[in-house]
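Here is a briefing on aromatic pairs and on a chain-to-chain interface. Please look over the structure first.

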Protein chains: 2
Amino acid sequence: MAYFDYANGCPVDERVIEAMLPYMTDEIGNPSSVHSMGLKARKALDEARDRVSDLINGKEGDIIFTSGATEANNLAIIGYSMRNKRKGDHIIVSSIEHMSVINSCKFLQKNGFEVSYIPVDRNGVVRIEELENSIRKETILITVQHANGEIGTIQPIEEIGKIAKEYDIAFHVDATASLGKIEVDVERMGADLVTLSSNDIYGPRGVGGLFIRKGVRIQPIIVGGGQEKGYRSGTENVAGIVGFGEAAEITEEEYREEAKREEKLRDEMIERILDGIEESYLNGHPELRLPNNVNVRFSFVEGESLVLSLDMEGIYVSTASACTSKTLEPSHVLIACGLKHEEAHGSLLFTLGRGNKEEDVDRLMEALPRVVERLRMMSPLYKKKS
Amino acid sequence: MAYFDYANGCPVDERVIEAMLPYMTDEIGNPSSVHSMGLKARKALDEARDRVSDLINGKEGDIIFTSGATEANNLAIIGYSMRNKRKGDHIIVSSIEHMSVINSCKFLQKNGFEVSYIPVDRNGVVRIEELENSIRKETILITVQHANGEIGTIQPIEEIGKIAKEYDIAFHVDATASLGKIEVDVERMGADLVTLSSNDIYGPRGVGGLFIRKGVRIQPIIVGGGQEKGYRSGTENVAGIVGFGEAAEITEEEYREEAKREEKLRDEMIERILDGIEESYLNGHPELRLPNNVNVRFSFVEGESLVLSLDMEGIYVSTASACTSKTLEPSHVLIACGLKHEEAHGSLLFTLGRGNKEEDVDRLMEALPRVVERLRMMSPLYKKKS
C-alpha cells in the first residue's frame, strides 16, 4: 500500500505512544486534585506546555490545550472577537482558510460582526494590498493561515504580521498545516494567536493547542471548572497532552531533515506526474509550497473517481481537505484560486509523511497514468477532444 | 497506596487501550476521507456510537461525540437554548450541578436568558415542588444531574422527566457521575439530552458524548468541517472514540456486579468512619447514593489538611470535585445542602473504583483516625471544646 493522505490522518509516533501510556494506566491523577498524584499530572501538563511552546519559539505558559485545531481556531477567532467587540466589529480573513476558520467568521457575522474575505492569486497567495486596503478603524482581528493544507501554498505571514502590528490589530495564524513542515516562529510571524494541531506532527488526535501572546484577552467558548487558566474548561486529557508534548519535542529535533527528504519526493512526484500525464497541472504555488504537498488537476476526470480507482490498488489519496469532503461542492480553496468547477473537481491531493518512500512514488506512477487514461476514455468530453 | 479519587481520575481499562492502539498506528484514515481507510475509520466510529448508545438504551445514531463531559454539558445547555430561544428564554437548573452546567447557565444569563436555580434538601435531593413551581410559559429547558459526583446523591430523575414532558419542556440530564455506577436509561429518564463521560467508565480522557433525542435541535458551539452531523466539528478522535465504545461495552457487561462490590465497600467505609471517629458526619443521602461515593465531614479540621496528611501516607482522597478546587470557596454543593462554611471545608470525598480492595479500607482506617486526631489537637476550636 501507498498512503498519501497524511494531512488528513497521521499515525501516532511509537515514542509518543510510549510516553502516553503511563498516563492512562498509573499516573491517573487529576491535575486539579490537591494530592501528589494530582501534582504529578499538573507537572506533566506544564512540561508538555513548555515543549510545545519551545517548538514555536514561545514563552513559558503561553499555550492553551484544546481538543484539536478546529476548537483552537474557534477559540481564537470567536473568543478574541467576542471578548474585544467593544474595540470594533470588523474582521479580516483570507478566502482560502480552513472551514473551522471560515465558519467561525460566519458565526461572528450572525452575531453583529462584519467580515472581509481577502482574495488570493492563482497560486493561492493572499493579496496583501487588498488585505491592507480592507483595514478599517473597526478592524480588531486579521486571521490568515501559515500554509494551506490543501494546495500547500505558504503565505507571506511575516509581512501580514507587520501590517497587523502597524495598525494595532490582533493577528491570528492557523499553523495546522505548517507545524512540523516548515519553521513556525511566533515572534518572526508577529502573531498574537496561533493554532496548533497534535496529530499533524504525529501526536494523538483529539488534542490541539492555541498560542496566546501575553496580554491578549480572549473569552472561553467552553466553560466549567476553569481549567487552562479559565480559557478552556474540562478535565485535561493528560495522556493526550503528554503525547502532544512528546511529539513536539521529536518534531523539533527531526523535522528539518525529514522536510528535506519529503521535499525531494514531492518534487519528483510533481515532475513525474506532470511529465507522464498529459493535461495535468499543478495547483498551488510552484515554490512557496509545503514540502509534503502535491496537488494536481487532470482534465476530463473526476477527482473522486480517481480516489476510488487508486484505492482499489492500495493507493490512498484525497480529493481535497477531508473536512470539506462532506459537501458535493468543489473545494472553496481551488475556486478561490480561480479554477473552474470542473478543474477543481478534477484535482487530487497527495500529502506526504514519514512513512513515504521512493517506492511509493514508483507504485503511484505505475497506477496513476493508467487510471487517468481509463477514466478519460469513459469521458464524453475527452472523446470529443481527441 | 490506596486511591480513593476515581471520580476525578480513572485509569483506562487495559482492554480499552488494546482496542485503541490499532487506530493510532495502522488504521489512521480520516473518517471524512473517501478511500477505504477513511471508510474503515467511519465504520469504527459508528460501531462505537452504537455501543455507547446501547449502554443507555438509546437508538442508532443518537450519540454525538465530544471532547468530554464539560463540552457535552456546554453543547446541550448553550446549544439547545441558543437554538430554541424563539420558544422562550427561561431555564431551570438545580443548584448542585457541575460547574460546567452552572457556568453554561451563567453564560446564558449574560446572553438574555433567565435562569432559576432550584434548591436541594439537606441530603442534596432537588426540591421537586419548587422545580415545578418555577416553570413558566417561557421555560424551554430543565437541566438536572442524574447523580451528584461530590455527595453521591441520586436525583428523582424519572419524576422530573415526567414533569418536563407534561409541560413540553426539553430535559437535559448530566449522567457523568452515574454512568457505569447505576442504570442510565434515556427512555425511563424521559431525557432529551444526556451528557456522558468516557473516563468515568474507564475509557480514555478527552472523550465524551451527548445523547440527543431524535427531533431535538441544538446549535453547535464548535464549527468547522461539519463532523458529527454538523453538531461538533473537528477531525474525530477515532482512537479515543473507539476506546469509549469499548469501555461502554465492558461497562454494560460488568458494572452491575462491580457496583454491588463497591457498594459493600462503601457501606463498610461509612460505618467504620462514623463509628471510629467522633464528630464525623455523612454528607449526601444515606440511601439514594452512588455505590462508589463516600463524603464525610469532620468537625474542627480542614479537608485540605486531611488530604495532604493522607497523601503522605500514600492515600489519595479529595476535598470535593477537583473541578471546583481551584477556588478557595467551599463547595457550592455542600453549601446548597445547608452546610456552614466550616462544615463544608471539613469535608472529604472518597470515590471508589475497580482497583479498591478491602485492604484499602483497612489502610485508610489505620491512618484516618490518627490524622484527624492530630489535626484536631492543633485546632484552637477543638481544644476549647474539650
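Contact here means heavy atoms within 4.5 Å. By that rule, the contact takes 62 residues from chain B and 62 residues from chain A. This is a predicted model: local features need pLDDT of at least 70, side-chain atom pairs count only at pLDDT 80 or more, and totals for chains, interfaces and linings use all residues. Residues are numbered from 1 along each chain as its sequence is written, chains are lettered from A in the order in which they are written, and side-chain values use heavy atoms, with hydrogens and water left out.

**Interface of chains A and B**

- Chain B and chain A bury about 4,800 Å² between them, 60% of it on carbon and sulfur atoms. Buried area is the accessible area (1.4 Å probe) that two parts lose on being put together, summed over both.
- Polar contacts link 18 residue pairs between chain B and chain A, both residues at pLDDT 80 or more. Such a contact is a pair of N or O atoms within 3.5 Å; within protein, one must be able to donate a hydrogen and the other to accept it, and residues adjacent in sequence count only if both atoms are side-chain atoms.
- On the side of chain B that touches chain A, α5(B) gives the largest share, five residues. Helices are DSSP runs (H or I, at least four residues), as are strands (E, at least two), numbered from the N terminus.

**Aromatic pairs**

- Over all chains, the structure holds 12 aromatic pairs. Rings of Phe, Tyr and Trp (its six-membered ring) pair if their centres lie within 6.5 Å; planes under 30 degrees apart count as stacked, over 60 as edge-to-face and the rest as tilted.
- F65(A) and F244(A) have ring centres 6.0 Å apart and planes at 70°, so the pair is edge-to-face.
- F65(A) lies in strand β2 (residues 63-66) of chain A and F244(A) in helix α9 (residues 238-276) of chain A, so the pair ties together parts 179 residues apart in sequence.

**Tyrosines and arginine**

- Ring pairs join Y3(A), Y6(A), Y202(A) and Y316(A) in a cluster.
- R354(A) places its charged end over the ring of Y202(A), 3.7 Å from the ring centre. The rule asks for NZ of Lys or CZ of Arg within 6 Å of the ring centre and within 35 degrees of the ring normal.
- In chain B, the charged end of R354(B) sits over the ring of Y202(B), 3.8 Å from its centre.
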